[in-house]
Amino acid sequence: MKGNNSVFLIPVFLFVSLIIAVSCYRPPVANPENWQYNFASIYNPGESAINPEYKLYHQSDTTSLLFFRISTDDLIPNTQPDNSEPYKAVVVKYVLRNAENNQIADSASLLFRISATATERDFITYIKLKTPLLTNYNLVVIFSDVLRKVPRRVFIDLNKSDYGNEQNYFFETADSVKAPLFSNVVEGNRKYIFHKKRNPAEKYFISYYKPISSIPQSPFAIQYNASLPSPDTLYAIKPNDTLSFSAKGIYFITEKDAGTEGIALTNFGQGYPEIQSVKNMILTVRYLTTERKWNEMLKSSDPKTEIDNFWLNLSSDPHRAKELIRVYYNRVILANTFFGTYKQGWQTDRGMIYIIFGPPATIYKSSDIEQWIYGDNPELSDISFSFKKTSNLLSDNEYILIRDQRYQTIWAQAIETWLQGRVFSIN
C-alpha cells in the first residue's frame with residue numbers, strides 16, 4: 001500500500017523544566033495488577049525520534065490487522081560497507097496477551113526495510129495478528145529505528161468480543177491517493193470509503209451531532225458527568241458509498257438506526273489539531289483565567305490585542321512571555337492530537353492535566369485505567385492523577401479523571417505559577 005505525500009509530523013517540542021516546591025500530598029491511586037511498563041513516551045514525542053500512527057482493524061474472526069504509518073524522515077539511513085544501496089529500517093516488536101489471564105496469544109519481532117532513496121515520505125504497512133473470536137486482548141507494540149534504538153512503546157486495548165465496535169470498521173481516504181484513516185478525525189474537504197468484513201450489513205446509518213464543546217471541571221470538583229445530546233439528523237448509507245463529512249460535528253456510524261455500537265468520526269474544522277485562529281488562542285486559555293475575563297476577550301472588538309496583552313501581562317520580559325506562549329500552545333496541540341474524543345483534546349480531562357502540568361514522567365496503563373505520575377521516581381512521587389476509561393457511544397478514547405478535593409492545593413499552585421509568568425513543571 002502506498003502512502004500519500006502529506007506527512008503527519010508530530011514536532012518534537014522542548015518542554016521548559018521548572019523545579020518548584022509542592023505540598024506533600026498522596027493522591028488517590030489505582031493499581032491494576034498487570035502494569036509492567038512505563039508508557040510515558042506515548043504522550044511525549046520528545047522521548048523518541050519515531051512517532052508512528054496506528055489503526056487496528058478486525059479483518060476476520062481469527063485475524064486482526066495493525067496498520068501503521070511512519071515518516072521516513074524520522075529514520076536514519078543505514079549505509080552498507082559494500083557500497084550497496086543504503087536503506088532505512090524499522091523494527092516492530094509486539095506481544096499480544098489475553099486480557100483476562102495475561103497469557104501470551106501471539107508475539108513477533110519484524111524488520112521492515114525502506115529504500116533510503118525512496119521519494120515517498122510516508123511508510124505505510126500492516127501486521128497480521130492472530131486474534132480468535134470472543135476474546136479481549138492487551139497489545140503492546142514497540143517501534144524503533146534500527147540505528148537510533150530509541151523505541152516508542154504503545155498500548156492497544158483490542159476488543160474482539162463483538163462485531164459492532166469501532167475496531168471492526170476500516171476507513172480510508174477516497175480522493176487522489178488512498179491511505180488509512182489512522183485517527184477518528186475527518187476533514188471536511190476530503191472523501192472517504194469504509195470496509196467492514198466481519199458480519200457486514202446491506203446498509204448502515206449515520207447519526208449526526210452538532211459540535212459538542214464544554215470545559216472540564218477542576219480536578220477537585222465533585223464528579224459530574226453530563227449526558228450526551230440526541231442526534232440532529234439520521235440518514236442511511238451503503239458500504240461502497242463515497243462519504244464526505246463537510247459539516248463540523250460528530251458522525252456516528254452503526255448497523256442499526258438506533259444502534260449503540262459503531263464508530264464515531266469527528267470533524268473539528270480546518271487545521272485541527274493546530275491552533276490557527278485568534279479565537280482558538282483565546283478559547284484554549286480558559287484554564288488560566290476567570291470565566292468573566294475569558295468571555296470579555298472572546299467578545300472584544302480587537303481579540304488579537306486582548307490575547308497578546310493577556311500573555312504580556314503575565315511577564316514583564318517579552319522573551320519569557322514568548323516562551324510561555326510557545327510551551328502552552330504546543331501542549332494544547334499535543335492534547336488535541338492525543339486526547340480528542342467527541343470534544344477537542346484540550347477540552348478533555350487528560351488534556352486539561354497535560355496542558356497545565358505537562359507530560360508525566362511515568363504512565364502506567366491497563367485496559368481501562370491510566371495513571372500519570374509526575375517526578376523522577378514514581379515510588380516517591382506525591383503528584384499522581386488516575387483516569388478511568390468510560391463506555392461512551394461517541395468515543396473509544398474518553399478517560400475521566402478520578403477527582404479529589406486534595407487536588408485543590410497543587411492545582412492552585414500550578415495555575416499561580418503560570419500567572420506569574422513561569423511554566424509549571426514537576427519532572
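This is a predicted model: local features need pLDDT of at least 70, side-chain atom pairs count only at pLDDT 80 or more; totals for chains, interfaces and linings use all residues.
## Two helices side by side

The crossing in which α4 passes α5 is right-handed.

Residues from both helices build this contact: Tyr 328, Arg 331, Val 332, Leu 334, Ala 335, Phe 338 and Phe 339 on the α4 side meet Arg 350, Gly 351, Tyr 354, Ile 355, Ile 356 and Phe 357 on the α5 side.

## Helix α3 and its buried face

Helix α3 covers residues 303-312, and within this helix Ile 307, Phe 310 and Trp 311 are buried. Seen down the axis of α3, these buried residues fall within an arc of 90°, so they line one face of the helix. The partners against which the buried residues of α3 pack are α1 (278-283), α2 (291-299) and α4 (318-339).

In the order β15-β16-β17-β18, four strands form an open sheet with antiparallel pairing. Its edge strands are β15 (362-365) and β18 (399-401), each of which pairs on one side only. Neighbouring strands of the sheet are turned against each other by 25° on average, if direction is ignored.

Helix α5 (residues 349-357) packs on this sheet and touches β16, β17 (383-389) and β18, while the direction of α5 makes about 10° with that of β16. Within the sheet, β15 pairs with strand β16 (residues 369-374) in the antiparallel sense over four bridges, and the bridge partner of Thr 362 in β16 is Ile 373.

## The three-stranded sheet

A further open sheet consists of three strands in the order β8-β9-β12, and here too the pairing is antiparallel. At its edges lie β8 (170-173) and β12 (243-244), each pairing on one side only.

## Two enclosed strands

Strand β13 (residues 249-254) has six of its six residues buried, so this strand is largely enclosed by the rest of the structure. Which strands are joined to β13 by bridges? Strand β10 (residues 204-209) runs antiparallel to β13 and is joined to it by five bridges, with Tyr 251 in β13 as the bridge partner of Tyr 208. Strand β14 (residues 262-267) also runs antiparallel to β13, and six bridges join the two, Gly 249 having Asn 267 in β14 as its bridge partner.

Strand β1 (residues 53-58) is likewise largely enclosed by the rest of the structure, because five of its six residues are buried. The antiparallel pairing of β1 with strand β2 (residues 63-71) extends over six bridges, and in this pairing Lys 55 stands opposite Phe 67 in β2. Together β1 and β2 form a hairpin, with four residues between the two strands.

## A loop residue

Is Arg 121 buried or partly exposed? With 37% relative accessibility, Arg 121 counts as partly exposed, and the place of this residue is in the loop between β4 (104-115) and β5 (122-130). Arg 121 and Tyr 328 are 207 residues apart along the chain, and a distance of 29 Å separates their C-alpha atoms.

Key
Residues are numbered from 1 along each chain as its sequence is written. Side-chain values use heavy atoms; hydrogens and water are left out. Two strands pair if DSSP finds at least two bridges between them. Buried means under 20% relative accessible area, exposed over 50%, partly exposed in between (1.4 Å probe, protein chains only). Axes are lines fitted to C-alpha atoms, for helices over the stretch in contact, and angles run from 0 to 180 degrees between N-to-C directions. Contact means heavy atoms within 4.5 Å. The arc is that of the directions from the helix axis to the C-beta atoms. A crossing is left-handed if the near helix is turned anticlockwise from the far one by less than a right angle, and right-handed if clockwise.
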